[in-house]
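Open the model in your viewer and keep the sequence panel beside it. The tour below goes from one selection to the next.

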Amino acid sequence: MNIGIIGGGVAGLTAAYELTRKGHKVSIFEASPYLGGQAATFEVGGGRLEKAYHHLFKSDTVIIDLINELGLGSKLYWLDSKVGFYCKERIHNFVTPFDLLKFTPISIVDRLRLGLVSLYLQRLNDWPKLEGITAKDWIIKYAGKQNYDMVWGPLLRGKFGDAAEEVGMVWFWGKIHLRFGSRGKTMQKEKLGYLMGSFGQVIDALEQEIRKRGGEIHISTPVQRIAVADGRVMGLELKASSNPVPFDAVIATVPSPIFLRLVPELPEQYASKLRQIKYQAAVLVVLLLKRSLSHIYWLNVSDRALPFLAAIEHTNYIGRSEYGGKHIVYLSNYLAREHPIYNKSGDELLQIYLPHLRKLNPEFSPDWIEKYYYHREDSAQPIITTNYSAKIPDYRTPIQGLYLANTTQIYPEDRGMNYSIRLGQRVSGIVAPGLER
Ligand SMILES: Cc1cc2nc3c(=O)[nH]c(=O)nc-3n(C[C@H](O)[C@H](O)[C@H](O)COP(=O)(O)OP(=O)(O)OC[C@H]3O[C@@H](n4cnc5c(N)ncnc54)[C@H](O)[C@@H]3O)c2cc1C
């Protein structure tokens with residue numbers, strides 16, 4: 001078969017990798033001048049780093065297998081995660097279960113309640129019974145309002161911004177249930193996985209394998225439209241005026257709003273399903289600092305007076321020798337495109353954020369900043385609402401030969417590279433059955 005793939009992120013590359021393994025002819029079209037999509041990297045301090053912070057959990061077995069298969073296994077390290085919360089004007093460690101007992105912003109009764117409810121969620125396997133309730137309502141009911149306000153609400157906001165209250169409990173269950181697996185048998189410190197030298201090496205290795213097997217990869221080549229005739233996919237239009245490049249089948253791995261624009265012929269029943277699922281954008285300011293901001297890797301910001309939701313000090317996780325001895329901090333926000341922060345330039349955002357960095361470290365001075373970078377991802381996080389399983393669009397669209405594989409189809413787990421790889425594997429198995437893993 002001759003298959004066209006739209007998008008050179010993790011899902012598109014995996015689909016191409018699988019299909020070329022089966023001997024199919026594949027062409028990837030990627031709009032950006034680089035591959036990797038949301039997992040793309042850039043150069044910083046002489047090292048290579050993800051534009052948005054990335055790590056793995058122990059439960060991410062699909063990507064771990066792929067990393068080994070690509071010969072990169074020796075570069076995958078499991079390191080302590082060092083999580084903290086900023087609230088009540090100071091940083092609180094949240095690294096081991098004992099830190100929970102010392103977490104004074106909530107009462108001792110609530111601390112015990114939080115521990116018990118976490119254990120319950122960790123052991124619960126029957127997630128469908130949580131489908132009808134929002135995470136907010138469930139948490140307040142079982143863990144209490146204080147735990148929602150100070151601990152789990154900020155975690156939800158850290159991922160969904162203002163849409164946090166709409167998020168279904170199943171999403172939250174998935175987060176707790178799977179993350180506990182990263183703590184190991186003794187339930188001590190959480191270990192997170194990182195590929196030394198960046199996850200960009202997975203992207204490079206996939207690219208090499210695809211090309212080696214005759215696959216074509218075209219960067220800086222946005223697809224303008226998916227050509228359809230008589231309810232069947234015909235090919236891809238790359239420039240508004242030119243004839244479509246013909247394909248027997250097309251896999252789109254782009255976010256749903258882009259997919260809807262590419263194929264206006266999509267029957268309403270399927271299109272309305274896609275429109276139902278909204279996304280949050282991610283806005284990131286990455287600071288290259290002379291000094292460390294805190295001792296924490298992942299700092300959740302519970303205090304709503306601060307204009308960012310998390311401060312992720314990558315070099316408290318990965319040694320700074322990888323980046324010319326500099327300290328790297330991501331200041332992260334997830335928000336709707338209507339939010340005033342969405343349209344701010346990197347410079348404007350930095351000016352808004354700067355006064356608040358002293359709250360995290362009273363010694364902080366703007367002259368610690370050697371350089372900063374700004375990245376924005378429009379469709380960073382689908383909002384996973386209640387009863388989501390009924391809302392997931394099929395891989396097979398009603399247009400014959402046209403398939404969709406994007407992050408809205410990841411459930412009940414949280415979206416991540418692991419599951420985009422799984423998407424790529426699954427959709428390739430549907431497009432061209434045989435030799436399944
Ligand atoms: C802030 C942030 C933090 C994250 N942290 C983690 C983490 O810690 N661990 C983890 O595992 N995952 C993390 N992720 C998620 C992970 O990066 C994504 O789930 C994964 O990379 C998505 O891959 P994808 O191929 O499904 O989609 P995408 O990466 O979105 O790929 C879609 C591709 O389609 C291209 N495209 C769009 N329009 C067109 C067009 N018209 N023509 C051609 N190409 C087009 C895009 O440029 C893009 O490259 C994070 C994501 C973000 C945003």
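In which loop does Lys 88 lie? Select Lys 88 and look to either side: the loop runs between β6 (83-87) and β7 (90-93). Helices (H or I, at least four residues) and strands (E, at least two) are DSSP runs, numbered from the N terminus. Lys 88 is not a glycine, yet has a positive phi of about 50°. Most residues other than glycine have a negative phi.

Before going on, note that this is a predicted model, in which local features need pLDDT of at least 70 and side-chain atom pairs count only at pLDDT 80 or more, while totals for chains, interfaces and linings use all residues. Residues are numbered from 1 along each chain as its sequence is written, and side-chain values use heavy atoms, with hydrogens and water left out.

**Hairpin**

Strand β3 (residues 41-44) and strand β4 (residues 47-50) run antiparallel and are joined by four bridges; two strands pair if DSSP finds at least two bridges between them. Thr 41 is opposite Glu 50 of β4. Two residues separate the strands of this hairpin, and Gly 45 in the turn has a positive phi of about 55°.

**Ligand**

Next, show the ligand and the 29 residues around it, of which Ala 11, Glu 30, Gln 38, His 54 and Met 417 come nearest. A residue counts as near if one of its heavy atoms lies within 4 Å. For polar contacts (a pair of N or O atoms within 3.5 Å; within protein, one must be able to donate a hydrogen and the other to accept it, and residues adjacent in sequence count only if both atoms are side-chain atoms), check these:

- His 55: a polar backbone atom is 2.9 Å from a nitrogen atom of the ligand.
- Met 417: a backbone N or O atom is 2.8 Å from an oxygen atom of the ligand.
- Ser 420: a polar side-chain atom is 2.9 Å from an oxygen atom of the ligand.

On its own the ligand has 1000 Å² of accessible area, and the protein covers 92% of it (Shrake-Rupley method with a 1.4 Å probe). Colour α1 (10-21) and α12 (417-431), the elements that give two or more residues to the shell.

**Cis proline**

Stay by α12 and select Pro 412, in the loop between β19 (402-404) and α12. The peptide bond from Tyr 411 to Pro 412 is cis, with omega near 5°. Most peptide bonds are trans.

**Three-stranded sheet**

Now select β10, β11 and β12, which form an open sheet in the order β10-β11-β12 with antiparallel pairing. β10 (225-229) and β12 (245-246) are the edge strands, each with a single partner, so one side of each has no neighbour in the sheet. Strand β11 (residues 232-237) is joined to β12 by two bridges. Leu 236 has Val 245 of β12 as its bridge partner.

**Second largest pocket**

Finally, select Pro 257, Ile 277, Lys 278, Tyr 279 and Arg 337, which lie nearest the centre of the second largest pocket among its 14 lining residues. Which element gives the most to this lining? The answer is α9, with three residues.

Note on methods: On a 1 Å grid over the protein atoms alone, a cavity is a set of points where a 1.4 Å probe fits but cannot get out, and a pocket is an open set with protein on both sides within 12 Å along at least five of seven lines; lining residues have an atom within 4 Å of a point.
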